[in-house]
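Student: I would like to learn how to read helices and strands in a model. Where do we start?

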Amino acid sequence: MAESSRIFHTILLPAFSPQLSKPRYSHSYPSLCLKKVRSLQCSVSTSETKPTSSNAMLEVPWGCDIDSLDNAEALQKWLSDSGLPPQKMAIDKVEVGERGLVALKNIRKGEKLLFVPPSLFITADSDWRSREAGQVLKQYSVPDWPLLATYLISEASLQKSSRWSNYISALPRQPYSLLYWTRAELDRYLEASQIRQRAIERVNNVVGTYNDLRVRIFSKYPDLFPEEVRLPSMDGKVALVPWADMLNHSCEVETFLDYDKSSKGVVFTTDRAYQPGEQVFISYGKKSNGELLLSYGFVPKEGTNPSDSVELPLSLKKSDKCYKEKLEALRKHGLSDSQCYPMQITGWPLELMAYAYLAVSPASMSRQFEEMAAAASNKSTTKKDLRYPEIEEKALQFILNSCESSISKYSKFLQASGSMDLDVTSPKQLNRRLFLKQLAVDLCTSEQRILFRAQYILRRRLRDMRSGELRALRIFDGFRNIFK
């Protein structure tokens, strides 16, 4: 599913402890529940135990299996009845993405498709069944993502009486975004990858957003916002577009969803032709495999993503005599003594090289610390293509050491992955773990591949530098012998 549908997945996050420093991750799948309140009749429960009394919460069914076509026909009919023009695509099972839109007719390169009208958008301006709740959220200037999240929870609790019931019932019930992985699963399968820390930070942002809104708004209007409501992360687009969000991502296309002013609808222009039966793709953006797993729950095949990258961690040594001076220079530019930089199969950014220069620079270069730190920051507009020939070899060796340290972590995980989860006996739990482990293996394999390439380039450059230095020394010795 495309980016716009991610909001619904995110709002159903497991409940977290309000202690941000030590987040507690639920080990059960969340289910949407209905509680008798006067307005927003919805909550998110993370327990699989069933209610024991007649006054307990009632489960609200939502979504479908990720590869199910059960609700596809109803969704397409509802969309057509609601103003979606005739389409050249239909929902079907596909090899990439479980479900997707496939061509019904020949589609030309450069042809515009979709034309989803604004009446089918879900935005911050959509009408609320609980007008008072909507007015309160807008009065407090709630950001779009939490606003849309609360709106969808409200609509889901209305079940069939909601205008959006056909859309909600067609969304995947169990997405595999890293936001749905428990802390134990992140630690177990992604210990080698820096995307693990990104996922933890994203979850903490979700918790922070909810806690802020709970204090500022929910606690003041308990009848409108019962305690069980959970809210999502804030980043992303500000509209959900049913039908358009059934399109899957391909690294081989560059076409994006856009609003067409002439037709007043969401469209995209194909950058290749499609035959009947072929899946039609869009691009979710130039994202690394780790970012795609973090937000959407999938990893492209190894070597197919030209935008793939791996985060390489670099750190100052606390034993460095100039550690305090270097750290002070970094902090002036919003950096710390530990930074991560993206490495691609084609190379690494100038900021990474600047950080390496700073890390290995001796005390005699203290006047250049500020210049190096500024160049290491992507927020700075200073010159970044710095060259310090006298310490270049040490800087490259520093980067190589970091690469090889990361490679070792990936190798350790990949070697151990085959023997993981052999003690699991529950079929449901085993299927989930095997799927998550395969995603982790695919991600770690692609990231390690980039590091292997960087390792090869660095070793070769260092070898050339050292062999050149050796030749220069031999020539110098030869001249010295002649003059003797």
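Tutor: With a definition: two strands pair if DSSP finds at least two bridges between them. Helices (H or I, at least four residues) and strands (E, at least two) are DSSP runs, numbered from the N terminus. This is a predicted model: local features need pLDDT of at least 70, side-chain atom pairs count only at pLDDT 80 or more, and totals for chains, interfaces and linings use all residues. Residues are numbered from 1 along each chain as its sequence is written, and side-chain values use heavy atoms, with hydrogens and water left out.

Student: In which sense do E13 and E14 pair?

Tutor: Antiparallel, over six bridges; E13 spans residues 310–315. Glu 311 sits opposite Pro 342 of E14.

Student: Which residues of E14 lie on its covered face?

Tutor: In a regular strand the side chains alternate between the two faces of the sheet. In E14 (residues 338–343), Gln 339, Tyr 341 and Met 343 form the covered face. Ser 338, Cys 340 and Pro 342 form the uncovered one.

Student: Which residues of helix H9 are buried?

Tutor: An α-helix has 3.6 residues a turn, so residues three or four places apart point the same way. Buried means under 20% relative accessible area, exposed over 50%, partly exposed in between (1.4 Å probe, protein chains only). In H9 (residues 323–332), Tyr 323, Lys 326, Leu 327, Ala 329 and Leu 330 are buried. They share one side of H9, because their arc around the axis is only 160° (taken from the directions from the helix axis to the C-beta atoms). Lys 324, Arg 331 and Lys 332 are exposed on the face turned away.

Student: Is Ser 295 buried or exposed?

Tutor: Buried, because its relative accessibility is 10%. Ser 295 belongs to helix H8 (residues 289–296).
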